Structures are given as C-alpha cells and as structure tokens.
Amino acid sequence: MKNSNSSNIKISLMSKRLTEFFEMIAGLWQFQYQFFKQVFIPPYEVEQIRKHMDELGIKTLPIVSVTGFIIGLVITMQMHPVMVRFGAEAFLPGSVGISIVRELGPVITALIFAGRVSSGIGAELGSMRVTEQIDAMEVSGVNPFKYLVVTRIFACTFILPILTVYVIFIAFIGSYIAVVLVQNMSYIYYIDSVIGSVEFGDAIPGILKTFVFGFIVGIVGSYKGYTATNGTEGVGKAATTAVVVASLMILIFDMVLVKVTLWLWPTI
Amino acid sequence: MNIVVDIKNVSKSFGSLNVLNNVSLSVEENENLVVFGQSGTGKSVLLKCMVRLLEPDAGEIYIEGNNVLHLNPKELNDVRKHLGFLFQGAALYDSMSVRENLEFPLIRHFNFTPKEREDKIKSVLEKVSLEEAIDKMPSELSGGMKKRIGLARSIISEPKLMLYDEPTTGLDPITSKEISSLILELQKSLNMTSVIVTHDLLCAEIIADRAIVLNEGIVQHEGTITELTTSSDHFLRNFFSHEILEDQNRRN
C-alpha cells in the first residue's frame with residue numbers, strides 16, 4: 001500500500017515535470033515567433049539595443065578574458081605530451097588552434113555568456129514582471145515585448161560572436177605562453193604555424209553558430225523572466241532555470257550544428 | 001453628463017474560480033468612483049480588465065465610447081495613451097531615474113522639444129511636491145514618495161481617465177491622507193474621471209463621489225460613502241465595522 005502510494009507520487013511528479021517541460025518548449029516556440037514578428041516592425045529601439053550590447057559586453061568581458069586565456073594555456077599544456085609521444089610537436093599550435101576556433105572558443109564563450117547573461121536577464125525581467133513594471137509599460141501604450149525582449153535578444157545575438165572572436169584571440173595568447181613554457185618557439189613560428197593550420201573554413205562555422213547561441217541565451221533568459229510568477233520566489237526560479245535551460249540548449253544545438261556543418265561542407 | 005466608462009456584464013474566471021460575474025457599472029465624466037470589496041473579490045481584476053491587462057471571458061467595456069475588447073493592438077495603445085494607471089506598488093521602472101521615468105511616455109507619444117519635456121517634468125513634480133527627487137533612483141525613494149512619483153508619471157500625459165489600484169496601501173495614515181488629498185486635488189485641477197480601488201475608508205471619504213461594493217463577483221451595493229456606511233444591510237455593517245475599526249486603529 002505504502003509502495004503503491006509512493007510510486008503514484010513519483011508518477012504524478014514525473015508527469016508534472018513533463019507537462020512543465022512541454023509547456024516551456026511551446027512557450028519558447030511562441031516567444032521566438034513573437035520575436036520574428038516584431039523585430040522588423042518600427043520603432044526599432046536602436047538606442048536600447050546599443051545600451052544592452054554595451055552592458056552585456058562589459059559585464060561578460062572580464063570573465064571571458066580569464067576563461068579564454070586559461071583554456072588556451074591548459075589545452076596546450078595538456079596536448080603537448082601527447083604530441084611529443086607521436087613526434088608531432090611542430091603541429092601543437094595548429095592542433096590547439098583548430099580546437100579553439102572550431103569548438104572550444106565558441107562553446108565555452110557561449111556557456112560562460114549563458115551563465116552570466118541569461119540569469120541576469122531572467123532576474124531583471126522577472127522582477128519587472130512581479131512588481132508590475134511590465135504592466136505599467138503596457139498600460140502607458142508602449143509595447144513591452146518590443147522594448148524589453150526584442151532589444152535584449154537582438155543584443156545577445158550580435159554581441160556573442162564579437163566576444164567569441166575576442167576569446168579566441170585571448171586563448172591564442174594563453175596557448176602561446178604555454179608553448180613557450182613547454183618548448184622553445186618564437187612567436188613568428190607560432191603565428192605561422194597557426195595560420196598555416198587554421199583555415200578560413202574552420203573559423204566560419206564556429207563563429208556562425210555563436211549567433212544561434214546568442215539567440216538562445218537571449219530568448220531563454222527573456223522568456224523565463226517575462227513569464228515569471230509567484231513573487232520573489234518566481235524571480236529566483238526564473239534566473240536559475242534560465243541558466244540551466246540555456247546551457248543545455250547550447251550543447252544540444254552545438255551537436256546539431258556540428259552535424260549540419262559536416263553534412264553541408266564535408267571537406268571542412 | 002457623458003459616460004466615460006461603461007462596463008456591461010463582464011465576467012472573468014481563473015480556472016474554476018469565478019472572480020467577476022456579470023459586473024456592470026458606469027462612470028460619468030469628472031466623477032470619482034470608489035470600488036470597495038474584501039480581498040480576492042476581483043477589484044484589481046476589474047481594473048486590469050478595463051485596460052485589457054487581463055482579458056475578460058465575457059462582456060463589454062467601453063472607455064470614451066471605444067469597446068476596448070474589440071480594438072486591435074494599435075487602437076488599444078491609442079486608448080491607453082489617454083488614460084493613467086497608478087499601480088499598488090507604483091511600478092516605477094527600477095533601472096531609470098525619476099526624470100527618465102517621467103519622460104518615458106513623453107518621448108514615445110508626444111513630439112515635445114527637450115525644453116518642453118523638462119518643463120513638463122518639473123511642473124508635474126511640483127504638483128506632487130517632489131521637485132528635489134528629479135535625479136533620484138526609485139530605490140532611493142520612500143513608499144509615499146514612490147506613490148507620488150507614480151502619480152506624477154500617470155498624469156504627465158494629462159489623461160482624462162485615471163485608474164488607481166490601492167493608492168494608499170502600505171502607507172502610514174498621514175501619508176495616506178496626503179496622497180488621498182493629492183488625488184482629489186489633481187482630479188479637480190485636471191478635470192479627470194477616476195476609478196479608485198481601495199480598502200481605505202479614510203481615502204474613500206476624501207475622494208469618492210460614489211462607491212460600489214463588490215462581493216462574490218457582483219456589484220452588491222452602490223451609493224455615497226455615507227449611504228453605504230450607515231446602511232442597515234448585514235453585509236455592509238459587517239464590512240464597514242471592520243473597516244472603521246481598522247481606520248480608527250490607524251488614526252489612533
């Protein structure tokens with residue numbers, strides 16, 4: 001009897017979670033539909049987009065700088081003994097370069113960006129929702145979705161690729177320092193080696209997918225905040241679930257986009 | 001007299017909870033209508049239905065002749081531009097200073113020059129006696145100051161209809177009386193029509209021309225404050241004896 005009760009509770013909890021999950025997917029789908037419907041309609045709120053891009057860029061710059069530097073340094077130090085084992089030390093800068101440009105740079109930057117920005121947007125919009133600021137904006141005849149949501153998603157989508165290029169650059173500096181530490185190599189040889197190995201075709205898919213990642217961070221954070229309920233508890237929940245959902249979606253979309261890229265351009 | 005707000009048979013439910021049940025009422029031009037009722041009787045829901053922050057399940061709501069429930073988003077925004085709404089917590093935009101809060105509707109809906117905007121901001125701040133708060137952030141203001149700035153933001157576009165959701169909740173009796181007197185003063189000087197949702201009998205006594213009492217989703221009683229407070233109806237006696245007691249406690 002006790003066991004049957006406990007399994008009933010588990011089943012009802014699981015079905016509640018599943019319902020919430022599918023509601024969220026439907027909500028996100030509707031949200032992105034609203035975004036594309038409204039993004040082309042004036043007013044374009046250019047000043048707000050610029051402000052958000054400034055804020056998001058500045059907010060994330062220190063943490064992505066440190067992360068990029070450490071990633072470049074650590075990957076190089078880790079790969080060095082392996083390359084020595086195969087007698088391929090000369091290929092170290094090129095191998096590290098390709099890993100950073102194709103995968104590590106975009107994904108790590110996106111995940112850090114999700115952690116920093118998605119929760120911030122979720123908390124900010126969530127607190128505006130529960131304190132009726134969004135309602136006040138709507139009643140004053142201003143479209144809050146356009147003013148608050150579209151501008152943030154737009155800013156996230158376009159600032160993340162810029163941050164990614166910057167992180168890749170910083171990661172190369174970290175990698176060069178590691179190369180100097182583990183083997184004697186001039187920076188000219190290092191740059192030559194990287195340029196010789198990393199092709200334009202390696203960089204383009206990596207950078208292009210960060211537009212998608214930026215969009216995911218913006219839309220998930222905005223959706224969670226904009227639809228927050230239950231007072232301050234709801235705001236906290238919006239902030240934390242925004243990070244989890246955005247990070248998970250980045251990894252899933254990365255997998256899909258890598259597959260699509262390889263399917264479209266098998267030679268890359 | 002012109003009818004500014006005309007509500008006909010409005011119903012609203014949340015799931016199985018029936019909050020408004022065929023509510024009908026009208027408000028005349030320059031009239032102050034106070035909406036009383038216990039917590040959870042749908043007073044704020046009624047106010048939010050009037051500006052379509054919530055969609056009623058049935059009924060019709062006319063504001064200055066426009067059926068707001070049949071307007072497209074653009075037409076609805078045009079109606080909203082000409083009304084003011086003071087929220088319970090004032091709902092000032094946290095990330096903006098008082099000046100930016102006040103100029104927000106002006107920048108978006110009017111073609112004022114920066115000088116005209118500044119003059120308007122100073123003029124409404126003078127009306128609510130908070131000229132010195134112009135560069136402060138909402139987090140630096142007290143509850144009463146927030147309500148005043150919220151009021152200033154609502155009247156800056158000179159609306160003909162003002163909606164107040166619990167304008168004195170959470171304030172001490174002195175500030176509450178000041179806000180109520182300010183609402184009345186502004187209503188007289190700007191010739192506004194007002195709908196005020198409140199629990200506060202003192203506030204209602206100062207402002208109301210007429211009052212209604214919502215109970216179980218319907219307009220159960222209507223009249224002047226004196227008529228309602230002196231009524232022999234069992235529900236009204238119960239309701240107002242509690243309110244009067246609370247009011248006396250606050251005054252003491």
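**View 1. Strands S3 and S9 of chain B run side by side.** In this predicted model, strand S3 of chain B covers residues 32-37 and pairs with S9(B) in the parallel sense. Five bridges link S3(B) and S9(B).

**View 2. S9 and S10 of chain B make a hairpin.** Strand S9 of chain B, residues 210-215, also pairs with S10(B), this time in the antiparallel sense and again over five bridges. Two residues sit between the two strands of this hairpin. Have a look at Glu216(B) in the turn, which has a positive phi of about 50°.

**View 3. Now step back to the whole sheet in chain B.** Six strands make up this open sheet, in the order S6-S7-S8-S3-S9-S10, and the pairing is mixed. Which strands stand at the edges? They are S6 (83-86) and S10 (218-223) of chain B; each has a single partner strand, so one side of each is left without a neighbour in the sheet. On average, neighbouring strands of the sheet are turned by 20° against each other, direction ignored. As for what holds such strands together, strands of a sheet pair through backbone hydrogen bonds, either parallel or antiparallel.

**View 4. Here is the largest nonpolar core.** This core has 131 residues, and the ones touching the most other members are Val217(A), Ala246(A), Val35(B) and Leu163(B). Helix H5 of chain A, residues 144-182, supplies the largest share, with 18 residues.

**View 5. Zoom in on Leu163(B).** What is Leu163(B) in contact with, once neighbours within four places in sequence are left aside? The contacts are Leu47(B), Met50(B), Val51(B), Leu83(B), Gly84(B), Phe85(B) and Val195(B).

**View 6. Finally, chain B as a whole.** Chain B holds nine helices and 10 strands. Its radius of gyration is 18 Å, close to the 18 Å that the globule rule gives for 252 residues, so chain B is as compact as a globular protein of that length. Along the principal axes, the C-alpha atoms of chain B fill a box of roughly 55 × 50 × 35 Å. Buried residues account for 40% of the 252 residues in the chain. Among contacts in chain B with a separation of 6 or more, 65% join residues 24 or more positions apart.

Terms used: Residues numbered from 1 in each chain as written. Chains lettered and ligands numbered in written order. Predicted model: local features only at pLDDT ≥ 70, side-chain atom pairs only at ≥ 80, totals over all residues. Pairing = 2+ DSSP bridges. Helix = DSSP H or I, 4+ residues; strand = E, 2+ residues; numbered from the N terminus. Axes fitted to C-alpha atoms, helices over the stretch in contact; angles between N-to-C directions. Core = buried A, V, L, I, M, F, W, Y, C linked by C-beta atoms within 7 Å. Buried ≥ 20, exposed ≤ 12 C-beta atoms within 10 Å, placed from the backbone. Contact = placed C-beta atoms within 7 Å. Rg over C-alpha atoms; globule rule 2.2 N^0.38 Å.
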